[in-house]
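Biologist: Could you bring up the model and talk me through it while I look?
Modeller: Gladly, here it is.

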Amino acid sequence: MQNISTELTRLEQEHLYRRRRIVEGPQGPYQVIDGKEVISFCSNDYLGLANHPEVIRALQRGAEHYGVGSGSAHLINGHAHPHHALEEELAAFTGQPRALLFSTGYMANLGVIDALCPRGHVVFEDRLNHASLLDGARLALARLQRYAHGDTQALTRLLTQHHSNAAIIVSDGVFSMDGDLAPLPELTQLAKQYSVPLLIDDAHGFGVIGATGRGCIEHFNLAAADAPILVGTLGKAFGTFGAFVAGSEELIEYLIQKARTYVYTTALPPAIAEATRTSLRLVQTESWRREQLQHLIQRFQKGVTELGLTLMPSITPIQPLVIGDADAALLASQNLLKHGIFVSAVRPPTVPVGTARLRITFSAAHSENDVDRLLSALESSL
């Protein structure tokens, strides 16, 4: 227990201690956080669907018909009609033969990698992959080989040195802290050239990237078959909760049998699946949300340039402003809060040492005035 106390003290002293904030009311740009009214720029509710009245009504109808909890795992008696219908609709949306629901994105990544990669299997991962992808390889007791961020030449060297097809390439589609996109065309070519499967976690791309919101695969004009193992989450642009894996009939059947985080956990509440079916429809029919999002991003980028600040390159709602030191990033976040702007300071170990940042994210529910208030607060706070 002494080690716990020492570590907590160290985190506090190095400005790496994390504290929860209490939010009043629904998710959205305008919130009351710790009793203070703010404009929030740190949610992943990119399309503003988390508090959409149609999604809420679908959740209510689902709860009235199916109750609250699912009661059991999918393989016992927890797999309800809304789960099955949502899986079929997600498969159609992604262009894949089938999809499989998981309770969270973290569980999806752990379950897929553990199921597909027995001990000793080699997992090639981008150095900035999400923690769940890295932990999946560790849980599987696989040989994790990380390549420099976005460096396909480094990945090629690793693949050339590997003389077995007992391997897999794993990458985020959109990197959650930098907001940039993986070099998917090159990754798909390497996967084909070296006859290894490719897993893409497009958690931050689905609903946002691509002409119809189908994610990074659509953005790069690739075919669904180019990403044979596709992971997506439902708690970001879709505004609900849960995750899914899309792929071939054989892949999904195998995961139903072998993915421990699917087999041994309670299914999502059916009402959540019903709400997500409505979200999926809105993602496909209300393209103006993506258009509004891009308009706000471009307005912000122009304003930041005029302030003489530099953002990391990103076409996504994730617009990181690197500060450097953890204490300086924390101070910047606190200064913004004084102006009624809530932006989280992201610090190590979430990001590399020396790259602490303000992770600014946008929603289609924001207005131009919100963006202008953020720019004004940044001018006064940095």
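Biologist: Before that, what sort of model is it?
Modeller: This is a predicted model, in which local features need pLDDT of at least 70 and side-chain atom pairs count only at pLDDT 80 or more, while totals for chains, interfaces and linings use all residues. Residues are numbered from 1 along each chain as its sequence is written, and side-chain values use heavy atoms, with hydrogens and water left out.

Biologist: How many salt bridges does a search of the whole structure find?
Modeller: The search finds 16, where a salt bridge is a side-chain nitrogen of Lys or Arg within 4 Å of a carboxyl oxygen of Asp or Glu.

Biologist: Which residue forms a salt bridge with Glu274?
Modeller: That is Arg277, with the closest N and O atoms 3.0 Å apart. Both residues lie in helix α12 (residues 270–285), three residues apart, about one turn of the helix; helices (H or I, at least four residues) and strands (E, at least two) are DSSP runs, numbered from the N terminus.

Biologist: And how accessible is Glu274?
Modeller: Glu274 is partly exposed at 22% relative accessibility, and Arg277 is partly exposed too, with a relative accessible area of 25%. Buried means under 20% relative accessible area, exposed over 50%, and partly exposed in between (1.4 Å probe, protein chains only).

Biologist: What about Lys302 and Glu306?
Modeller: Their side chains meet in a salt bridge of 2.6 Å, N to O, and the two residues sit four apart in helix α13 (residues 288–307), about one turn of the helix. Both Lys302 and Glu306 are exposed. Elsewhere, salt bridges with shared partners join Glu7, Arg10 and Glu14 into one network.

Biologist: Switching to helix α7, which residues are buried there?
Modeller: In α7 (residues 152–161) the buried residues are Thr152, Ala154, Leu155, Leu158 and Leu159. Seen down the axis of α7, the buried residues fall within an arc of 155 degrees, so they line one face of the helix; the arc is that of the directions from the helix axis to the C-beta atoms.

Biologist: What do those buried residues pack against?
Modeller: They pack against β5 (122–126), β6 (143–147), β7 (167–172) and α8 (184–193), with contact meaning heavy atoms within 4.5 Å. The face of α7 turned away from its buried side carries the exposed residues Gln153 and Gln161.

Biologist: Now the sheet: what is the strand order?
Modeller: It is an open sheet of seven strands in the order β4-β10-β9-β8-β7-β5-β6, with mixed pairing, where two strands pair if DSSP finds at least two bridges between them. The edge strands, β4 (98–102) and β6, each pair on one side only.

Biologist: How many bridges join β7 to β8?
Modeller: Four bridges join β7 to β8 (residues 198–201), and these strands run parallel. Asp172 stands opposite Asp201 in β8.

Biologist: Which strands does helix α4 lie across?
Modeller: Helix α4 (residues 81–94) lies across β4, β9 (229–233) and β10 (243–247), running at about 125 degrees to β4. Helix α10 (residues 249–258) also packs on the sheet, touching β4, β9 and β10, and its direction makes about 25 degrees with that of β4. Axes are lines fitted to C-alpha atoms, for helices over the stretch in contact, and angles run from 0 to 180 degrees between N-to-C directions.
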